[in-house]
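Look at the charged side chains in the model below. Follow the pairs one at a time.

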There are 4 protein chains.
Amino acid sequence: MTTRMIVLNGGSSSGKSGIARCLQAVLPQPWLAVGVDTLVEAMPATLRTTGAGIEFAPDGAVRVGPEFDALQAAWMTGVAAMVRAGAPTIVDDVFLGGAASQRRWQQVLAGLDVLWVGVRCDSAVAAGRELARGDRVTGMAASQAAVVHQGVSYDLEVDTTHTESLTCARTIAARLG
Amino acid sequence: MTTRMIVLNGGSSSGKSGIARCLQAVLPQPWLAVGVDTLVEAMPATLRTTGAGIEFAPDGAVRVGPEFDALQAAWMTGVAAMVRAGAPTIVDDVFLGGAASQRRWQQVLAGLDVLWVGVRCDSAVAAGRELARGDRVTGMAASQAAVVHQGVSYDLEVDTTHTESLTCARTIAARLG
Amino acid sequence: MTTRMIVLNGGSSSGKSGIARCLQAVLPQPWLAVGVDTLVEAMPATLRTTGAGIEFAPDGAVRVGPEFDALQAAWMTGVAAMVRAGAPTIVDDVFLGGAASQRRWQQVLAGLDVLWVGVRCDSAVAAGRELARGDRVTGMAASQAAVVHQGVSYDLEVDTTHTESLTCARTIAARLG
Amino acid sequence: MTTRMIVLNGGSSSGKSGIARCLQAVLPQPWLAVGVDTLVEAMPATLRTTGAGIEFAPDGAVRVGPEFDALQAAWMTGVAAMVRAGAPTIVDDVFLGGAASQRRWQQVLAGLDVLWVGVRCDSAVAAGRELARGDRVTGMAASQAAVVHQGVSYDLEVDTTHTESLTCARTIAARLG
């Protein structure tokens, strides 16, 4: 069975989107790339700032409410259907719930050949990159760096602390066979 | 049956995204909003500029190649699955193929209660708004204004030439009952 | 003396940036367009959220602190110098201080031939457009619509409530002679 | 004399903007950050794609025409005036003309205490980062990596190939004394 789905999981500013774009450039076929940012952007503006939706606290903590949660579940089902319908897809996500987040994906992806990739980055380095980007709530990188990997199993892990996105992408692409 | 899907079809710079955001604000429940721009953004960078993908000619013409087409079909299936899984969704699209584009959506949306909305805008006015936005290829608005509506059937049509996005959104919301 | 500077003053979501881009398109010579958004973007991230800088309150109120104020004064001097050095420039600004804001500009622009343009928009219409844009704090449009014009004198006023940006731009361009 | 101006020169995707944002975060006083991107954004849309303005060729080459050149000269004068008026400023630029570009800045900055910083990045690494960003014309990073430093004299050079933006920023900040 050919792998048609790659899930990149890592904390904010760990370099997932950059790896996704590099993967799109190095993979021979066209792959789509979507992520939790795509979902947040599709939400009503009010859900981006209230307790029912997703809240970015000034200290970098992220709280997800019940309405966000329900829409996210439907969105995940949609992504899985898109892959089954023939679009090879890279998803970048932040498993705020660690192993529980992975199980949610595993349920909707049942029967698909998925490559699970952990994207690590030293917490202090990720915090510095967050500062350099300038468009994220300060503190997210540090607070998510470790927790998103708790109990998650991977086929492959990459670490962007000392390795470029393109190199990580090539390592991942090589594993697709 | 409750309507859980609204399809907004109109030319570039006709005001679809603004109406979608206003709909999200006025509808009592949270709705997701996605569109062809979401899809283009998910594509590999190379597909955004080559004949196999989507090409924006200097005169505003848009040409869609076979690989874009295949990924778009899978994406549409994914959107339909997302709606079926419980996420009420507004799609804004540009039916470059007119009636044929609508048929593609009708096939993937079979069995769902969909509200089809035509978003009209006087061609010269849309061209002026394209200039005011400053982030689109000049000429798209004018070249798409009429052609995207050819042979398409709607439940409702709105016209942004003299009507604000919010007013259009309220008219559409009222039709959901 | 040829006019080399156009100042557009109006509340948030009144349509200033759109008019500025249309002016750049219709004016025969190349003009630069800068605005208070350019300045905010040049500020350190911390000044964008603290009392010393600029604060966007959840109700749409905008508070400007002493450090923002000092940098803004220097920025205005820089814009004036750029115009004197030969770059025709459109500035879009929000005169939170009404007449006092205009006097600050008049001081740095002394000796230059400036076209002062008031950009009006009905408060409710501007609030609707703010919703349609989806990228602004809700409430800014309504709270600024009237106050920014208090005591300000104009060479020309345009109103985007029922008039397109491009038409407003043509009216302004015609006044340059 | 206190240094109130830092000029960062380096090729596309060498990491200048990230360093500028980190400098704003680590410097005790508020500094403004502007750059050639700020200028390009202020230009009329037509000047961004024609021979009279700035052209980004498909191979990553950048050609600057006479009208862009004239506006840039005035913009540089404006930046210098802004610094003299009291706003400490970080400029990030791409010296397409090498030493000649530096001389243009030296003329407008005469009498100011400027810290000249070269931002180096291995050409292949910069090209990889360009791919990871996904919003730049491919080829710019490689074609500019070396040429922008030809004949330029610096107070300090940093290299982002193996050093994080934040670390580079701290090195630069330490030199301000």
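This is a predicted model: local features need pLDDT of at least 70, side-chain atom pairs count only at pLDDT 80 or more; totals for chains, interfaces and linings use all residues.

How exposed is Arg104(D), in relative accessible area? Arg104(D) is partly exposed, at 27%.

Arg104(D) has a partner. Asp69(D) forms a salt bridge with Arg104(D), with 3.5 Å between the closest N and O atoms. Asp69(D) sits in helix α3 (residues 66–84) of chain D, and Arg104(D) in helix α4 (residues 99–108) of chain D. The two are 35 residues apart, so the bridge links distant parts of the chain. Asp69(D) is also partly exposed, with 33% relative accessibility.

Now turn to chain A. Here Glu157(A) and Arg120(A) form a salt bridge, and their closest N and O atoms are 2.7 Å apart. Glu157(A) belongs to strand β7 (residues 156–159) and Arg120(A) to strand β6 (residues 114–120), so the pair ties together parts that are 37 residues apart in sequence. Glu157(A) is partly exposed at 44% relative accessible area. Arg120(A) is partly exposed at 31%.

The next pair crosses between chains. Arg129(A) meets Glu164(D) in a salt bridge of 2.7 Å, N to O. Arg129(A) lies in helix α5 (residues 123–133) of chain A, while Glu164(D) lies in the loop between β7 (156–159) and α7 (165–175) of chain D, so this contact joins two chains. Arg129(A) is partly exposed, with a relative accessible area of 23%. For Glu164(D) the value is 23%, again partly exposed.

Side chains of opposite charge can pair when their charged atoms come close. Over all chains, a search of the whole structure finds 16 salt bridges.

How values were computed:
Residues are numbered from 1 along each chain as its sequence is written. Chains are lettered from A and ligands numbered from 1 in the order in which they are written. Side-chain values use heavy atoms; hydrogens and water are left out. A salt bridge is a side-chain nitrogen of Lys or Arg within 4 Å of a carboxyl oxygen of Asp or Glu. Helices (H or I, at least four residues) and strands (E, at least two) are DSSP runs, numbered from the N terminus. Buried means under 20% relative accessible area, exposed over 50%, partly exposed in between (1.4 Å probe, protein chains only).
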